[in-house]
Amino acid sequence: MRSSGIKIAIIAAGVVILAVLIAYMGGMLNFSAVEPGKASPPPPDVSQALTEAKAAVETWPEYFEAVGTIRPRTETRIEAQVSAKVLQVKVRPGDVVEQGKLLVMLDDQQYEARLGQARQELSAAKAALVLAEADYGRIKRLYERNAAPKQDLDRKTENLKRSQAMVIRAERAAEEAELALGYTRIKATEAGQITQRLIEPGDIALPGRTLLVLETGGAMRLEALVREGLIEKVRLGQELTVSIPSLGRDIIGRVEEIVPSADPQTRTFLVKAVLPKAEGLYSGMFGRLLIPAGEHKVVTAPRAAIARVGQLETVLIKNGEGWTRAYVTTGRVSGGRVEVLSGLKGDETLGLGGAANE
């Protein structure tokens, strides 16, 4: 009987320990936790004088966001004009080039041979023209003295015209061969910076194939996709806020182009907004075009009144002669004030510098 009583006591003790452990893991025994929006006891050092500021109810504009990509305003795609093997690529992404700089060298052997052949054919055509002119002159003089029939003169005239046409065709063929040879030396059409290199030595360059991308202008623009329900709120020349998360700030862009047709798959319109020069702004960066869509009232507080500890945000609220700390949730930031989504009503007196007391 005694051993069974001991076993029962051990089982009861185990159940009690398990219950305490479950209660602890569930936060039921964490007496220091404070529910969201509830005030916690003030820290020991908030009794010192703090600069006071007011929470307020303000009217802020409401925005819809259209995501997009930063791209150069002017961009040149360097393409091949002839088919040939790539021998050398003289530049890499990031290189700054001047107008006329040699960028790519193509194999020119076949074009050198074609030019040589065209020049030989031109020389032969010119020699034939000289003979035709001499024959024509001789027959014409005989005809004028009635020593040659009109039929011979007509034949020599036709031969002369044929020889002249052959020289013109040969000259054009030589010009085309020389132009094709020039296409094997691809040069920068404008000054700018190489942003992409899409060809390597040993590749085959084909007409229309992009070899390099050259950024030729200093200005950038955001190319954003605006859904069809919002496109009526965007107009040419309109100044809109552009948010660049990587820069940590907003800049003002001006709408300079609206593509007048929607993508049938995404139901969006492409809108291009030119941006002012900004330090750290590069092609390919992510951005948001903020499109105004009305106004609404929000509770705001000075940014300096918000104290952060990990993921928690708190403010100090004046309570009589003392201060009470309350938990808040914040949203957008505008200038020196921040939107307070929960925790304040908008008529509180707040203490600035609460973060220093953490």
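How much space lies in the second largest pocket? About 150 Å³ lies there; a pocket is an open set of points on a 1 Å grid over the protein atoms alone, where a 1.4 Å probe fits, with protein on both sides within 12 Å along at least five of seven lines, and lining residues have an atom within 4 Å of a point. The volume is the space filled by probe spheres set on the points, which are joined across faces, edges and corners.

The model is predicted, with local features needing pLDDT of at least 70 and side-chain atom pairs pLDDT 80 or more, while totals for chains, interfaces and linings use all residues. Residues are numbered from 1 along each chain as its sequence is written, and side-chain values use heavy atoms, without hydrogens and water.

Select the lining of this second pocket, which includes Thr76, Arg77, Ile78, Tyr183 and Lys187. Strand E4 (75-79) and strand E8 (185-187) each give two or more residues to that lining; strands are DSSP runs of at least two residues, helices (H or I) of at least four.

Next, select Leu212, which touches Thr76, Arg77 and Ile78, among others (contact: heavy atoms within 4.5 Å). Leu212 is also among the residues with the most contacts inside the largest nonpolar core, which has 33 residues. Such a core joins buried Ala, Val, Leu, Ile, Met, Phe, Trp, Tyr and Cys residues through side-chain atoms within 4.5 Å, buried meaning under 20% relative accessible area (1.4 Å probe, protein chains only).

Finally, move to the largest pocket, with about 540 Å³ of space. Asp250, Leu290, Arg332, Val333 and Ser334 lie nearest its centre, and E3 gives the most to its lining, five residues.

Methods. Buried means under 20% relative accessible area, exposed over 50%, partly exposed in between (1.4 Å probe, protein chains only). Lists of a residue's contacts leave out its neighbours within four places in sequence.
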